[in-house]
Amino acid sequence: MPFAENQGVKIYWDAQGEGVPVLLIMGLGYSAHMWHRTRPLLGGSYRTIAFDNRGVGRSDVPIGPYPVTLMAADALAVMNAAGVDRAHVYGVSMGGMIAQEFALQYPDRVRSLILGCTSAGMPNAVQAKPEVIQLLMARGQMDAQKAAEAAIPFIYDAGTPRARIDEDLAVRKDWLPRPEGYISQLMGLFAWGSYSRLDQIKVPALVIHGDTDQLVPPSNAQLIASRIPNAKLVLVPHASHIYSTDQPETSHSAVIEFLAAN
């Protein structure tokens with residue numbers, strides 16, 4: 001299995017498809033397996049490079065917390081290991097925060113930026129309702145499968161068929177996070193913010209978000225798009241946090257259209 005290394009920590013990555021590279025950065029507590037709906041659609045035209053953030057999946061779980069700047073450096077190590085000079089960078093949720101930091105720290109390595117269901121971090125992020133924050137904090141102490149089930153009302157749209165949600169759970173079940181990895185990622189997020197720096201991002205940017213997202217309210221997308229020069233904003237109807245499952249056709253069409261134009 002291919003691994004990149006950053007400061008002695010091994011980061012699992014793999015590549016699929018051929019073409020212009022797209023670096024995929026996953027969210028809090030999720031392994032790269034959760035790109036299972038996106039990678040097959042991009043693989044015919046792009047080389048997708050996905051990795052497990054430190055603390056989850058096949059990557060190491062070092063002592064935390066994991067600052068977002070450090071996780072962005074992990075992403076750079078993956079790009080270097082893959083032999084890629086510049087890539088489209090697509091991050092979702094926590095991965096969108098890492099992607100923002102990546103674009104700010106390593107602008108010459110970014111062709112374009114896609115920020116999905118994410119926020120600009122503290123202190124400017126529009127917060128979820130108290131019960132959602134409570135679950136986010138409690139998940140690190142819960143049985144991983146129970147935590148995944150408890151999160152469903154907050155991250156999937158009410159109209160999404162349960163069978164489609166179960167497909168995601170089946171993909172994740174062998175790679176649910178260890179508590180120490182999850183908490184170390186979460187602590188890194190709480191200490192990070194990009195709002196004051198977003199106007200420094202000069203590459204083409206797509207900000208995409210589900211309009212019923214309860215975990216990261218959609219007004220966060222509007223805030224980010226207002227700060228990045230010439231950013232394109234797409235709000236996906238009847239989609240929550242996992243918009244690629246709630247509305248796969250609409251969300252993937254927006255991503256593919258943006259990549260083709262940039």
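1. In this note, two residues are said to be in contact, or to touch, when heavy atoms of each lie within 4.5 Å. The structure under discussion is a predicted model.

2. Ser251 lies in helix 10, which spans residues 248-261. Not counting residues up to four places away in sequence, Ser251 touches Ile208, Val236, Tyr243 and Ser244. Is Ser251 buried or exposed? Its relative accessibility is 1%, and the cut-off for a buried residue is under 20%, so Ser251 counts as buried. The side chain of Ser251 also reaches the backbone oxygen of Gln247, at 2.8 Å.

3. The largest nonpolar core consists of 49 residues, and Leu23 and Leu113 have the most contacts inside it. Helix 2 (residues 68-81) supplies the largest share of this core, namely eight residues. In soluble globular proteins, nonpolar side chains tend to be buried together.

4. The surroundings of Leu23 may be examined in the model. Once neighbours within four places in sequence are left aside, the contacts of Leu23 include Ile49, Phe51, Ala75, Val78, Met79 and Tyr90.

5. How do helix 2 and helix 3 pack, and at what angle? Their axes are 8 Å apart and the angle is about 75 degrees; angles of 65 to 115 degrees count as roughly perpendicular, and the two helices are therefore roughly perpendicular to each other. Among the residues that make the contact are Val68, Ala72 and Leu76 of helix 2 and Met97, Ile98 and Phe102 of helix 3. By type, the contact comprises ten nonpolar residues, one polar and one charged.

Technical notes
Residues are numbered from 1 along each chain as its sequence is written. This is a predicted model: local features need pLDDT of at least 70, side-chain atom pairs count only at pLDDT 80 or more; totals for chains, interfaces and linings use all residues. Side-chain values use heavy atoms; hydrogens and water are left out. A nonpolar core is a set of buried Ala, Val, Leu, Ile, Met, Phe, Trp, Tyr and Cys residues joined through side-chain atoms within 4.5 Å. Buried means under 20% relative accessible area, exposed over 50%, partly exposed in between (1.4 Å probe, protein chains only). Helices (H or I, at least four residues) and strands (E, at least two) are DSSP runs, numbered from the N terminus. Axes are lines fitted to C-alpha atoms, for helices over the stretch in contact, and angles run from 0 to 180 degrees between N-to-C directions. Angles under 35 degrees count as roughly parallel, over 145 as roughly antiparallel, 65 to 115 as roughly perpendicular and the rest as oblique. Ala, Val, Leu, Ile, Met, Phe, Trp, Tyr, Cys and Pro count as nonpolar, Asp, Glu, Lys and Arg as charged, and the others, Gly among them, as polar. A polar contact is a pair of N or O atoms within 3.5 Å; within protein, one must be able to donate a hydrogen and the other to accept it, and residues adjacent in sequence count only if both atoms are side-chain atoms.
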